[in-house]
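Hi,

Here is the structure I promised to pass on. Have a look at it first, and my notes follow below.

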Amino acid sequence: MELCDLTLHEIKDLFARKEVLPSMVLEAVAGRIREVEKSLGAYLALDLDTAFTAARAADARFQAGKALGTLDGIPVAIKDNLCQAGKETTCASRILQGFVPPYTATAVQKLLDQGAVIIGRTNMDEFAMGSSTENSAVKPAKNPWDPRRVPGGSSGGSAVAVAAGEAIVALGSDTGGSIRQPAAFCGVTGLKPTYGLVSRYGLVAFASSFDQIGPIAKDAEDCALLLAAIAGFDPLDATSVRGEPVDYRQELDRELTGCKIGLPREYFGAGLDDEVRRIIMTAVEQLEELGARVVELSLKLTEYALPVYYLISSAEASSNLARYDGIRYGRAAADRAELAAYYTKTRTEGFGPEVKRRIMLGTYALSAGYYEAYYQKAQQVRTLICREFAEAFRAVDAIVTPTSPTLPFRLGERLADPLAMYLSDVCTVPVNIAGLPAISIPCGFVRGLPVGMQIIGRPFAEGTILNIAHQFQKVTAYHRARPNGAERGEQK
Amino acid sequence: MREEVSVEEVRHVAELARLAFSEAELRVLAGEFTRILQAFAKLNEVDTTGVPPTAHILEVKNRLRADRVRPSLPRAEALQNAAAVKDGSFVAPPVME
Amino acid sequence: MNFEAVIGLEVHAELATETKIFCACSTKYGAEPNTQTCPVCLGLPGTLPVLNEKVVEYCLRAGLALNCRIADYSKLDRKNYFYPDLPKAYQISQYDLPLCRDGFLRLAGGKTVRITRIHIEEDAGKLIHSPEGERYSLVDYNRAGVPLIEIVTAPDLTTPEEAVEFLEQLRRILLYLGISDCKMEEGSLRCDANISLKPAGTERLGTKTELKNINSFKALGRALAYEIERQAELLAEGQTVKQETRKWEEAKQRTLPMRSKEETEDYRYFPEPDLVPIELDRSYVAAIAATLPELPAARKRRLIEEYHLPAYDADRLTAAKPLADFFEAVLRHYFNPKAASNFIMGELFRLMGEAGMAPEELTVNPAHLADLLKRIDEGEISLTLGKTIFEKVFRTGASPEEVIKAEGIRQISDPVWLRTVVTEVLKENPQSVGDYLNGKVQALQFLVGQVMRKTKGQANPQVVKDMLAAELARLHF
């Protein structure tokens, strides 16, 4: 196994033992990028020169015994919807071509402050709208386990980079499953934090009441480390929550005895791939063996989650994306003769088809005469879904579901049918509707393709779900499998 | 909720959103919207009488900021991403009232 | 047919906060274009608004002063529309749950004008329209994000005069509260008017038009008067009034329809997800209520009752808080309300007017005016001289004492000196003395004039007159 296939905590141990220096890790990552990036398309922009400068500075700190923090010297990839001062931030959209923000997202700044080495910006579905990274205006990313298949989305590039050793850890964003679903498809571990735990300042908005930044890593322990590094109150985000910083790694040594886990039957019904179901149920048995008490429960409103999610997220998106008008930033139409035409031309040329579809859907849902029937109705059902989760969590500590009802699908397979594409998110969107934390961990393989298990927790109970994931990973090796064949988990 | 979304409605929404579509695209969109909204009509099954809408899942209220001035961006940085700039200002198409 | 006008106003006041409503940029007026902007008020992707606490406080001050109900629960909403001066393509405003609602303002005549609501929102940037023949506009976002309150009245006003009075009273209150500069010429106070006509004595509402671009109190009165006449003519001819937005053209003193958009606006309001709701604690509201100053109407009433001032005086003195404060400060040293009022309304207001001085710029020490008024009362200086001295006090900030000394003004109460002058004048004008002694009483006035001339106006004419009369009486016998 090469350095770039190791986890963050393994590398930290090597740093601590002075066996390895940050620039050596970056060398390995850069080598892997040279090897596989062309065929995987994980990155939209690489900045290895800056990264090597940062890595050498980290080397010097380690040699002087003055390392900055958890992430010092760790090569990190960030999704291209996180602003970083001086770096082009495009959200994989034509309309943001050339946009260089004069400021840095709070989460990214926290990484930089702790010495992280940012190697590049990862590919994604345009404006984070999609479940396959095929909506990138630049290029699709490919699943490293089978490049004919999608890596999931929208944080596909981040998941691919981590899975393929093109980064040690990565940041993604999750609005309806955009961290968890690609993590599941790429066989890595991804966590969507509770809404409000991580500042959204500097995250280019898709749907403001759902968006959260979170870690994508090779295991739960790495997610714990990365989450601790980015979480916390930010005065620049009015929806970020005040609270004491939590050392999530400290939460990872609790046995599961006494832990109650709920299996909502609605997530295991029609539409769930049989093989995925088999893998998940085996994983659930594993949790039981670890001491967890598994109970069946019902979340009756699950079937309404998709419309609620798509109506509200599209409505918010239609407003959030109205600012792309070619005047202050971004790509603009050439002809500035007439205002309305300029707007329309700029936006029509700049946005891709899925983004346009969502803007249209959201505009429709908010427009006169439809607000009550669509947007408000969705918000009311949202209330009921939140209540239903709260009720369920009175009986259980965590809820386990598949992350995706299917295996990674083939490129192009669902592009023509938006509804089929939206169905990819059926297991993940309820979590965003209720603002809950959830993690996806690898829990098996079907014909060489990874399957992800989603563990949902109570608000701000990241420690609980990280611990369950970690206990599972202590006795399984799916998370140690690498697509380059370094160590295949399925043979375990 | 509507049973069918017409091309005319889609055209109107496109105008509101400042997007342009060809006639063929409008027809495709109308069809997609019809299908999507028919699927979403499922929401009508849920009784929401007296249920307050949720705009925020957070319990946070009154997140306010002190009225203290901090430096603005240097003008060059404020303008750096604009497609066109003149006399320290952003250039927009002519606006008449 | 006789018509009655039905008028409602929508007033926007920029709040006098240090920073913008959602970011820490300065709100100072008149800066170079785009020098008071940041990623937040430019609407750069990924930025988020955070509400300025002073904006809430100031809006509550306005609401409490205007007798509104303060909301327990309030929220912000997005109003979506495309325009180059609107960086995010939505304005953060308040739709269905404004901070304040259901208030009123009472006009001088006792009429109550209902305030429907007061809400907070952000201002847009400024567009500099294309010069003739040029095919572009320039956009300055310094003003984008400056906090506003929007005050909406019920259609309770019936004449242009009432509307103007309402706006004047409202401005006075906002200035007393210290929450806005209310400068119409700088745009920190703006007023749109809705107006329709109905046949006199009926409740049948007509079609209304909305008037914009009203840049002064005078313009408000004239625009409404013009519009009343225009609508009345249409109705009298049996035509209908078109519901539209019309622009007041100051140069031509008329309203014209604004270029109508192809479609009616659909603002697609929805709750702003980037900001959390506002829940106001009763004790917080009470604390703000406790800090409200005495408002103009109450103060006017008190000036009338406490000092027995005529309503006219009380009204003028309470036109601005600094003036009323000044008046009452003068009274602390010199308790003759009517004399103080006369001097302030006459001399002080004249000098302020000439200097183009706003009430809040007034720097005269009230003790100085009190001292001067005392000296006049005691006959030490004449009223005329007092005015001359006050002008110097006003311009230099020196005390009356210092001015008198510096200018070498002799104290006319010095009877020895005055008697010398009187004797001189009697000697120099035997003709007039003779006339007076022969019963031509008006000759006395001439002699007084001569004394005044010799003393360069420094003598108290009444004292001079008495002294002359006494001297002449002595000659007579």
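In chain A, take the contacts between residues at least 6 apart in sequence: 76% of them join residues at least 24 apart. A contact here means that the C-beta atoms of two residues, placed from the backbone, lie within 7 Å.

Before I go on: this is a predicted model, with local features needing pLDDT of at least 70 and side-chain atom pairs pLDDT 80 or more, while totals for chains, interfaces and linings use all residues. Residues are numbered from 1 along each chain as its sequence is written, and chains are lettered from A and ligands numbered from 1 in the order in which they are written.

Back to chain A, which has 15 helices and 11 strands (DSSP runs: H or I of at least four residues for helices, E of at least two for strands, numbered from the N terminus). Its radius of gyration, taken over C-alpha atoms, is 21 Å, close to the 23 Å that the globule rule gives for 492 residues, so chain A is as compact as a globular protein of that length (the rule is 2.2 Å times the number of residues to the power 0.38). The C-alpha trace of chain A spans about 65 × 55 × 45 Å along its principal axes.

As for neighbours, 35 residues of chain A are in contact with 27 residues of chain C. The chain C side of that contact has 18 nonpolar, 3 polar and 6 charged residues (nonpolar: Ala, Val, Leu, Ile, Met, Phe, Trp, Tyr, Cys and Pro; charged: Asp, Glu, Lys and Arg; polar: the others, Gly among them).

Cheers
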